[in-house]
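Good morning, and thank you for making time for this. I would like to take you through one structure, beginning with the chain as a whole and then turning to its helices and loops.

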Amino acid sequence: MTDHETPEPRSEFVESTATRIVRRAAKYADAEYRVVHRRNGAPGEQALLDSLNADVEAVLGRYDPPSTRRRGDSLVFSHLYAEAKDAAPPSPALDEDGRAVVDVIAALLAAEVESRGPLRLSRTQNTLLAGVYEQLGAQLRELGLPAHAVLAYRRAASLHRLNEDMDAVDRCGLWQARARCQATPPGWRRIGPQLSDLLCGYGYKPFRLLGWIAVQLALFSVALLLFEHGSVSDTLYMSMTSYLNPMGLGDTADLAEGGRALLATESWVGTVSLSVFFALLVRRWFRL
C-alpha cells in the first residue's frame with residue numbers, strides 16, 4: 001500500500017465526534033420511521049429536516065477538528081461515508097435491521113458537520129465531499145426521504161460550483177429537481193414538474209426538446225394531409241415553413257378553414273417551443 005492510499009489516523013476527538021453522530025443518527029432514524037413510514041399524524045419530512053439541523057448544530061458545538069495541517073486529499077469522517085456506501089443494500093428501505101438507514105443518516109450528519117465546520121476544505125476535499133453528497137442523495141430517495149435528498153444534492157452542487165465544475169453542477173441540479181418533485185404530494189401539483197422533466201429534463205437537457213419538435217412537426221404534417229389531401233411534398237413544405245414562420249392570408253387562401261386553423265396553431269406551438277429551446281440553450285452555453 002502506498003503512502004497516498006494509507007488512511008489518515010483518526011484522533012480521539014474525531015472518534016468521539018463520530019460516536020455522537022452515530023448515536024444521534026440512530027435516534028433520527030427511529031423518528032424517520034415513525035414520521036415517514038407509519039404516517040401516524042406526526043409532523044412531516046420538513047420537521048425532520050429541522051431536527052437534522054438541530055443535531056448538526058449540537059455536534060458542531062462540541063466538535064474539535066483535527067489539525068489544519070492534515071492531508072488535503074482526505075475527509076475527517078471518511079470511515080462513516082465508507083460504512084454508508086458499503087452497508088446500504090440496493091434498497092435501504094428494505095433493510096430489516098435498520099442498519100443501512102442509520103449508516104446513511106450518520107453519513108449525512110457527518111457530511112453536514114464537515115462542510116459547515118471550521119476547517120477550510122481543499123479543492124480535492126470539495127470534490128470528495130460532493131461525491132459523498134451525491135451518493136447520499138440517491139440513497140435518501142430510496143429511503144423515502146426525497147426532501148433530505150434535495151438537501152444533499154444542493155450541497156453537492158454548491159461544492160462543485162466552488163470547483164467550477166459546471167457539468168457536475170447541472171447533474172446535481174437535475175437530480176435535485178427530480179427529488180423535489182418526488183417530495184411533492186401526489187396529485188396535480190406534480191404534473192408541471194413531471195412534464196418539465198419529460199420535455200427538457202428541467203432545463204438541464206435542452207436538446208431533448210429537439211425530439212419533441214420533430215414529433216410536433218410529424219403530427220401537424222399528418223393532420224394537414226388529412227385536412228387538405230394535397231401532395232405529400234407540398235404539405236410537408238407548408239407545415240415546416242409554418243412552424244418556423246407564420247403564413248399570411250395570401251399563403252393560405254386555397255386552404256380549407258380547418259387547414260388554416262391548424263397552421264395557425266402550429267405557428268404558435270412552434271414559436272413557444274423554439275423560444276424555450278433557445279432560451280435553455282443560451283443558459284447552458286453561458287451558464288446564466
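**The chain as a whole**

Of the contacts in the chain between residues at least 6 apart in sequence, 68% join residues at least 24 apart; contact here means heavy atoms within 4.5 Å. Please keep in mind that this is a predicted model, in which local features need pLDDT of at least 70 and side-chain atom pairs count only at pLDDT 80 or more, while totals for chains, interfaces and linings use all residues. Residues are numbered from 1 along each chain as its sequence is written, and side-chain values use heavy atoms, with hydrogens and water left out.

The secondary structure comes to 11 helices and zero strands. Helices (H or I, at least four residues) and strands (E, at least two) are DSSP runs, numbered from the N terminus. Along the sequence the pattern therefore reads α-α-α-α-α-α-α-α-α-α-α. The chain has 288 residues, and buried residues make up 41% of them. Buried means under 20% relative accessible area, exposed means over 50%, and partly exposed lies in between, with a 1.4 Å probe and protein chains only.

Helix H5, residues 123–142, has 20 residues. From its first C-alpha to its last, H5 reaches 29 Å, close to the 28 Å expected at 1.5 Å a residue. Its buried residues include Gln125, Asn126, Leu129, Tyr133, Leu136 and Leu140. In general, an α-helix has 3.6 residues a turn, so residues three or four places apart point the same way.

Gln135 also lies in H5. Setting aside residues up to four places away in sequence, Gln135 touches Tyr81, Ala84 and Lys85. Gln135 and Ala84 are 51 residues apart in sequence, yet their C-alpha atoms are 9.2 Å apart in space. After H5 comes Gly144, whose phi is positive, near 80°.

**Helix H6 and its partners**

Helix H6 covers residues 146–162 and helix H7 covers residues 166–183; their axes come within 8 Å and cross at roughly 165°. Axes are lines fitted to C-alpha atoms, for helices over the stretch in contact, and angles run from 0 to 180 degrees between N-to-C directions. H6 and H7 are therefore roughly antiparallel to each other. By convention, angles under 35 degrees count as roughly parallel, over 145 as roughly antiparallel, 65 to 115 as roughly perpendicular and the rest as oblique.

Which residues make this contact? Among them are Val150, Tyr153, Arg154 and Ala157 of H6, together with Cys172, Trp175, Gln176 and Ala179 of H7. By class, the contact of H6 with H7 has 13 nonpolar, three polar and four charged residues. Here Ala, Val, Leu, Ile, Met, Phe, Trp, Tyr, Cys and Pro count as nonpolar, Asp, Glu, Lys and Arg as charged, and the others, Gly among them, as polar.

Gln176 sits in H7 and, at 12% relative accessibility, counts as buried. Beyond residues up to four places away in sequence, Gln176 touches Val150, Tyr153 and Arg154.

Helix H2, residues 45–61, also meets H6: their axes come within 9 Å and cross at roughly 45°. That angle makes H2 oblique to H6. Glu45, Leu48, Leu49 and Leu52 in H2 meet Pro146, Ala147, His148 and Leu151 in H6. This contact divides into six nonpolar residues, one polar and one charged.

**Loops**

Are they buried or exposed? Glu164, in the loop between H6 and H7, is exposed, with a relative accessible area of 67%. Tyr202, in the loop between helix H8 (191–200) and helix H9 (208–228), is buried, with a relative accessible area of 19%.

Lastly, Pro65 is placed in the loop between H2 and helix H3 (78–87). Leaving aside neighbours within four places in sequence, Pro65 is in contact with Pro118 and Leu119. Pro65 and Val76 are 11 residues apart in sequence and 8.1 Å apart in space, C-alpha to C-alpha.

Key. The expected span of a helix is 1.5 Å times one less than its number of residues.
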